[in-house]
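Reader: Please show me the model. Then take me through a disulfide and a helix pair.

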Amino acid sequence: MTTTCGRRSRIRRLAQAVATTIALLIGTTAATGVGHADNAAPDSPSSAASPQVTGPITGGNGTVQLQGTAFDLDQVGYQQSEYFLSGTADSYQPVDPLTADGKWTVEPASNAAYTTRIVVNTPKDPRRFNGTVVVEWLNVSGGVDGAIAWLQAHNELIREGYAWVGVSAQAVGVNATKAMDPERYAALSHPGDSYSYDIFSQAGQAVRDSAATVLGGLRPRTVLGIGESQSAFRLTTYADAVQPLVHVYDGILLESRAGFSAALSQAPQADVPVPDGLLTRTDLRIPVLTFETETDLLSLGYLAARQPDSAEFRLWEVAGTAHADTYITPVGATDTGDGQGDARAFATLLDPPTTPDPPPPQITCSTPINAGQGHYVLEAAVHALNRWATTGVAPAPAPRLEVAADAASFVLDADGNAKGGIRTPAVDVPVAALSGLGQTGSQFCFLFGTTVPFGAEKLAALYPTHARFVSRWAASTGFAAARGYLRPADARALVVAAADSTVGG
């Protein structure tokens, strides 16, 4: 008599074979975008000021102060170093009134001296470097520097050999870092966030001009800028105002931006707000990919800034996702890409935590938080932007989420998941209703969305057998991967995680 264990073992082997087939097929089906050769490089050389680079920095308590992944990078063949950047940064003022189309002309307004820091993660083996450096505008929403994009997309960055640079572009992050280790960071000095845009430019310029130091001799061919949430608000303003002046970045990824953006200048300099509903200008001559969750679209108002795809712009809206989720906390920080993180992420679909456990401020939410698969799609977005910037091949256009007539909710399917958008197996072969809306509780909880796991009766009705569940999950995964919305390694891991689960039967 065949045992349940034996059946599951065969299903797992079959799932692994299916996942391998998916990965092989992706090579011939994922490149469905349209080529735009003009996007392969900026139309003129970068021209930001090149700062003085000091380091690598040591001393103090001997630890780089940064919130991100929590495992030793040596486990995955990477290394971390830290440097100070010093120079004189400009603030900016508009030449003409700022309009919502983002087609602005700005000029330097004042300048100030600064010393900030960058954190650099690179492959230990130089032969693994793929030639692209991802420069992240570190997030300061929690009052300290957070490497949120690195936290979410580190598996893709590591397995594909990217270099990553985190920039302390804002005063809050610099001051908090200095307070955490006054000896190590005694030299840091930030003149205020009006200068943050030029500081971010100069960090990108340092990657190019001082690669022998900053990257340990690695030679960058492509430099991408990325910012998440609060950092995306600022990077949106940067893209429209400053990138056209300095041409530092070869592509920009705006993750979870809102319908509003950061001021061009602020106190104690002149206050220069930007229009709500700000679009990404369409004449940048570099690709911009905007990644949005359900929370971003409605709760943060990005719907007002939604714009059509163009030769240099793509919008990815992802169904069943929230601005923050169970991967950001608690799964991602310890995910080394060996499959255990994928298994833990799958488990949170069935048993999601109510209270995430980030650094302070402590967050206590009223209901289980979102366990959607946004980080997998973000990893695919990094790959898509890099390919676009390096080869000129744009991602295929993605469907938009279906918004209800009240513009305050989404059109839902029979299982309670939003229709439209980029689809992952978590919403097309669901074990829970996932939403970026409706969460209540303490500060920031509204960003974490919700998960409502299905009961045993509904799961049994949807998936009479485990094999039925795995086959449907694999088919959905394969479709998303073929469209370029999942990476091959993630597609394999997702299918294996489903096969190792107890869903069905």
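Author: A disulfide is a pair of cysteine sulfur atoms within 2.5 Å. This is a predicted model, where local features need pLDDT of at least 70, side-chain atom pairs count only at pLDDT 80 or more, and totals for chains, interfaces and linings use all residues. Residues are numbered from 1 along each chain as its sequence is written, and side-chain values use heavy atoms, leaving out hydrogens and water.

Reader: How many disulfides does the structure hold, and which residues does a disulfide join?

Author: The structure holds one disulfide.

Reader: Is the disulfide of Cys365 and Cys445 left-handed or right-handed?

Author: Look at the torsion about the S-S bond. For Cys365 and Cys445 that torsion is about -100°, so the disulfide is left-handed.

Reader: Are Cys365 and Cys445 buried or exposed?

Author: Buried means under 20% relative accessible area, exposed over 50%, and partly exposed in between (1.4 Å probe, protein chains only). Both Cys365 and Cys445 are buried.

Reader: At what angle do helix H2 and helix H11 pack?

Author: Helices are DSSP runs (H or I, at least four residues), numbered from the N terminus. Axes are lines fitted to C-alpha atoms, for helices over the stretch in contact, and angles run from 0 to 180 degrees between N-to-C directions. H2 covers residues 148-159 and H11 residues 374-391, with axes 8 Å apart. They pack at about 45°.

Reader: Which residues in H11 does H2 meet?

Author: Contact means heavy atoms within 4.5 Å. The H2 side includes Gln152, His154 and Arg159.

How values were computed. Helix = DSSP H or I, 4+ residues; strand = E, 2+ residues; numbered from the N terminus.
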